[in-house]
Amino acid sequence: MGLGAYVAVSAALFGLGIVTIISRRNIIYILMGIEMILNAANINFVAFNRFGLTEAGSLEGKMFAVFTIILAAAEAAVALAIVLNVFHLFDSIKPSEADLLRE
Amino acid sequence: MLGLLEFDPSIDFKLLLAVLLIPLIGYVLQIFLRDKLPRGDWILTGGMGIVALITVFLAAKAIAATTAGEEFFHASSDVGMQFGWFYSDLETPAVNVIAGILYDPLGAIMLAVVGVVSFCVHLFSQGYMRGDKRYAIFFANLSLFTFAMLGLVLSDNILFLFIFWEIMGLMSYLLIGHFGHDPSQPFFHRWATWASKKAFLTTRVGDCCLFIGIFMFWDQFQTLSFTGLWEAGRAAVEANGGEFPAWMTTAGLFVFGGTVGKSAQFPLHIWLPDAMAGPTPVSAMIHAATMVAAGVFLLGRMFPLLSPEVLTVVALTGSFTALFAATIGMTAFDLKAVLAWSTVSQLGFMVAAVGLGHVTAGMYHMVTHAFFKGCLFLAAGSVIHGCHHVQDMRLMGGLRRKLPVTYICMLVCTLAIAGFPLFSGFYSKDQILLAGWASVGDIDHFGGTALFALIALPVAAMMTAFYMLRLIFITFHGEYRGNMQEHMYSEMIASEGVEGPDPNEHGPGEHGDDSHATHEPHEDPFRKNSMTQALVILAVMAVPGVAWVVHTWVGGLISIHTLYPSGIADWIGAKVPEGIFDPDSHMAHVAHGRALYLSLFVACTGILGAFYLYVMRRDLPAKITAGLGILYTTCRRRYYIDEIATACVINPCVKLAVILKWIDEKIVDGLVLLVGRVNKLAGFLSAWFDRMFVDGAVNAVAHVSQAFGAAFRLLQTGRIQQYATFAVGGGLLTAAWLILS
Amino acid sequence: MDQKALQRAFYGALAVLTLFAFGAGLVKAGGEGAAFALFAVMTLGGGLVCVWERSIVRSAFALMSTFSGVAGVFVLLESDFLAMAQILIYVGGILALILFAVMLTPPDMEERRLPRVLAALVAVGAGVSWIGWQVAQTAEWLVTSRPLDGTAAEVAGTFGANADRIGVAFLAPDQYVVAFELAAVLLTVALVAAVYIARRKRTDIEPQTGEGVS
């Protein structure tokens with residue numbers, strides 16, 4: 001399997017993430033969509049690390065993916081705290097209800 | 001012992017780093033632990049005490065070195081202590097921004113000033129802010145404020161100076177607005193919010209100028225470090241045949257714009273008098289050690305790069321501000337407002353001194369001013385605290401028996417600011433007048449500017465002496481008038497209104513403390529009153545004798561020959577009047593004598609005038625003000641600058657916003673509505689279509705059209721997901737454009 | 001179409017696609033192709049189910065398939081350490097967090113918004129695939145023809161195992177130690193912030209003594 005196949009999977013996963021974010025009526029889905037997008041990015045990093053013009057055994061892309069995972073963990077923790085808080089404030093976790101920003 | 005005072009890079013830079021980091025670490029601890037600490041203040045006050053000790057020690061080292069005739073310039077990057085912020089070899093020329101510590105005479109003395117004054121303010125705040133709801137946060141902010149100023153003083157390049165400059169802007173916003181978080185005090189709530197916004201936005205104008213100036217220098221010199229800039233500036237001027245290139249004048253004016261904003265020079269001075277909406281210790285901090293001093297400090301750092309044309313503008317602005325603010329100061333009745341206007345005026349002196357080429361006089365006045373103005377503000381805080389948050393001087397009077405320590409400290413500092421002989425302000429103001437005389441003597445260089453400055457500055461100095469003593473006489477002498485509050489108050493409202501907060505509204509610092517049950521002004525015993533202790537520390541610096549010692553030391557530390565590396569010092573000689581550059585010249589002696597007599601004369605005239613009007617003939621001031629009529633009103637209304645600014649700048653901005661809002665509401669929303677209507681029509685059509693051809697195939701068509709309808713309707717939800725959709729769509733379109741083009 | 005038929009059609013189509021992909025992978029690239037197809041289908045099928053399902057619990061579990069599939073993809077890309085990290089952190093951590101959030105908020109069975117989902121799928125799918133196609137046509141990727149780095153033992157012999165080398169890279173002063181420490185700080189800050197944001201305000205429990213709580 002070549003680079004193209006992996007990049008295609010990554011692109012498709014990215015697209016699914018976007019669709020999840022914009023089409024579902026629940027904040028938790030937005031989080032799920034973000035996780036998918038981050039995963040898609042990770043696949044790209046690792047795939048290019050494997051197939052790109054890198055030295056054998058190079059680590060750059062993998063290290064980047066590790067940091068992305070760390071970031072995702074931090075993001076998930078904070079985002080879920082925010083979800084709980086939004087629920088607490090609006091009694092709902094529909095993003096359409098949390099529209100105070102519009103004021 | 002002398003070995004201890006020798007410069008030692010392995011220790012000193014670490015000490016400097018510690019000075020910088022202690023307030024920052026204290027801030028972080030305070031923010032996280034504020035409710036857990038037994039008392040909210042000891043970490044920061046203690047830390048600041050250590051900082052004060054270290055900074056004084058380091059200043060002593062600098063003094064020892066310069067007195068011994070050594071050149072005292074130490075950059076931490078020389079010993080490898082530096083912080084590469086961004087760095088790129090790939091571009092030519094290499095872009096690298098490396099921050100380090102610059103430890104030079106100006107920095108050393110400024111450091112000591114900031115450390116000591118900030119420590120006193122912390123100490124004072126323990127008493128003054130007791131019982132405040134946001135006590136811990138207040139201390140944290142105060143500490144970060146100090147951190148920013150220390151960083152500004154220590155940074156060896158102008159970009160980091162700008163970063164700390166901006167942190168300071170933010171902290172001043174937070175601190176001035178300290179009372180803005182308590183809606184139960186409607187007056188303070190409104191006032192503080194408004195004043196903090198005003199301060200932030202006004203200084204922002206200056207900051208933009210400074211930023212442009214910085215980048216003009218970067219564009220030409222590709223360096224941001226001060227030493228590099230000085231050298232590059234000298235090379236550029238020499239390459240241009242000894243004349244400053246035109247762009248340096250423009251850039252210098254932009255840099256001066258930063259000073260105008262931060263140091264409250266005309267016409268951006270309007271924020272400073274309103275900054276007193278914050279707690280009094282914050283005013284002391286802003287007016288003495290931080291914020292406004294930063295602008296003058298910047299002038300000192302950039303002085304070699306300012307062309308003579310810029311210096312003319314600087315001198316004119318400074319002299320005008322000094323005179324202009326002094327006239328307003330004479331008419332104010334709010335205790336803190338008098339002090340605020342006097343700060344604007346004194347800053348004018350400093351800026352004018354730099355403009356006239358006597359940069360050391362400006363810096364020296366900044367140092368003495370920091371101590372006595374810090375003390376004056378803290379003393380005013382003590383008075384206000386003692387009088388239960390009355391700020392109008394007409395409701396005080398006769399306080400010298402009730403607040404003895406405060407009275408003595410304030411008197412000492414008032415004499416200092418008035419330039420009374422042997423007090424600290426006398427020495428520094430004398431130097432500024434000396435600059436005036438010396439530049440008049442050098443009239444080829446300075447032209448009419450010097451004449452204007454030489455007229456404006458002594459008059460302003462006389463007015464300063466007058467209104468400061470007026471403050472003392474009204475506040476501390478005569479009879480106590482606070483008890484007449486009820487009917488006096490209503491009368492005053494009827495005539496021209498009380499200044500400062502409404503005395504019937506309890507100040508934010510008070511929360512039913514038992515000792516405040518009586519309405520007599522009072523002062524707690526010295527032994528357990530951190531407020532008066534802080535006052536005494538600062539006042540000592542202005543006392544004759546001590547002032548002389550400080551004068552000798554600081555005079556040796558910052559002279560025109562030690563302020564910059566030797567090559568630079570010789571180069572800037574062209575911009576400095578001969579009488580100042582060469583203290584042994586004939587002109588120096590002539591100017592010195594004249595300046596001495598002039599400053600004696602103006603100080604004594606002002607003081608005697610105040611004594612005559614406010615002690616001997618108390619009926620006269622009212623008559624004089626009535627006689628002056630519209631002149632007086634104009635002064636009192638601050639020359640209507642605020643009104644003019646509102647009419648010329650703020651209202652147009654608001655109008656523009658209104659117009660934009662109208663466009664948004666009528667035209668943009670109209671378009672959206674139109675799209676909606678079209679969609680609705682499409683929906684109707686498709687529904688009709690649907691009804692007409694009901695079978696499986698058509699159902700699919702209906703679904704598709706519904707999908708499109710839904711997709712279009714997405715455009716109008718006005719919610720997060722809509723924005724996400726737009727972002728994705730925008731990204732796709734951008735990608736498509738990139739691919740197709 | 002009623003809900004049940006719709007559901008059946010969706011999963012039927014998914015199953016057929018899976019089989020097809022699996023077969024295609026097997027035919028085109030043998031065992032590796034089949035494995036790749038399996039993981040790709042796990043990844044994308046999970047994502048698709050996640051978008052499709054009405055019940056958020058089912059969506060969350062579908063996400064598990066996605067994360068595991070990505071881990072599998074990492075294995076195929078010779079990143080065993082990343083694959084384990086992916087399973088530990090995503091499947092074990094983040095997914096558990098999401099499930100917590102799901103359980104802590106009320107069941108919110110939304111009505112299916114098929115047009116909305118379909119429109120988004122069609123639009124984004126068309127956009128992404130068009131761009132992907134264009135990029136594939138025009139871009140020149142500098143790709144090695146390097147084969148697999150060898151068997152696991154060989155890899156370990158030549159370069160040291162992945163986990164080993166990553167561990168060294170994390171702490172080597174000339175490599176990633178600053179980023180590593182910063183990441184640690186970030187995680188700490190995020191945790192503290194999460195606790196701070198999510199904690200129940202004291203005012204809600206005792207409204208009388210609300211003073212001093214920010």
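Reader: How much area do chain A and chain C bury between them, and what share is on carbon and sulfur atoms?

Author: Interface size is often quoted as the accessible area lost when the parts come together. Here chain A and chain C bury about 6,500 Å² between them, with 75% of it on carbon and sulfur atoms (buried area is the accessible area, 1.4 Å probe, that two parts lose on being put together, summed over both). Before we go on: this is a predicted model, where local features need pLDDT of at least 70, side-chain atom pairs count only at pLDDT 80 or more, and totals for chains, interfaces and linings use all residues. Residues are numbered from 1 along each chain as its sequence is written, chains are lettered from A and ligands numbered from 1 in the order written, and side-chain values use heavy atoms, leaving out hydrogens and water.

Reader: How many residues of chain A are in contact with chain C?

Author: 65 residues of chain A are in contact with 78 of chain C (contact means heavy atoms within 4.5 Å).

Reader: And which side chains meet in a salt bridge there?

Author: The count between chain A and chain C is one salt bridge (a side-chain nitrogen of Lys or Arg within 4 Å of a carboxyl oxygen of Asp or Glu). Arg50(A) pairs with Glu78(C), at 2.6 Å from N to O.

Reader: Which helix gives the largest share of the side of chain A that touches chain C?

Author: H1 (3-23), H2 (27-51) and H3 (60-90) of chain A each supply at least two residues to that side (helices are DSSP runs of H or I, at least four residues, and strands runs of E, at least two, numbered from the N terminus). The largest share, 22 residues, comes from H3(A). By class, the chain A side has 45 nonpolar, twelve polar and eight charged residues (Ala, Val, Leu, Ile, Met, Phe, Trp, Tyr, Cys and Pro count as nonpolar, Asp, Glu, Lys and Arg as charged, and the others, Gly among them, as polar).

Reader: On to helix packing: at what angle do H3 and H4 of chain B pack?

Author: H3(B), residues 105-128, and H4(B), residues 135-154, pack at about 175° with axes 9 Å apart (axes are lines fitted to C-alpha atoms, for helices over the stretch in contact, and angles run from 0 to 180 degrees between N-to-C directions). The two are therefore roughly antiparallel (over 145 degrees; under 35 is roughly parallel, 65 to 115 roughly perpendicular and the rest oblique). Their contact has twelve nonpolar, seven polar and no charged residues.

Reader: Are H1(C) and H2(C) roughly parallel or antiparallel?

Author: H1(C), residues 3-52, and H2(C), residues 56-76, pack at about 10°, axes 13 Å apart, and that makes them roughly parallel. By class, the contact has eleven nonpolar, ten polar and one charged residues.

Reader: Which side chain meets Lys61(B) in a salt bridge?

Author: Asp12(B) does, at 2.7 Å from N to O. The pair links distant parts of the chain, 49 residues apart: Lys61(B) is in H2(B), residues 42-67, and Asp12(B) in H1(B), residues 9-33. Over all chains, the structure holds eight salt bridges.

Reader: What joins the side chains of His477(B) and Tyr407(B)?

Author: A polar contact of 3.0 Å. His477(B) is in the loop between H17 (443-476) and H18 (485-495) of chain B.

Reader: Is the peptide bond from Phe266(B) to Pro267(B) cis or trans?

Author: That bond is cis, with omega near 0°. Pro267(B) is in the loop between H8 (246-262) and H9 (271-274) of chain B. Ala264(B) lies in the loop between H8 and H9 too, with a positive phi of about 55° although it is not a glycine.

Methods:
A polar contact is a pair of N or O atoms within 3.5 Å; within protein, one must be able to donate a hydrogen and the other to accept it, and residues adjacent in sequence count only if both atoms are side-chain atoms.
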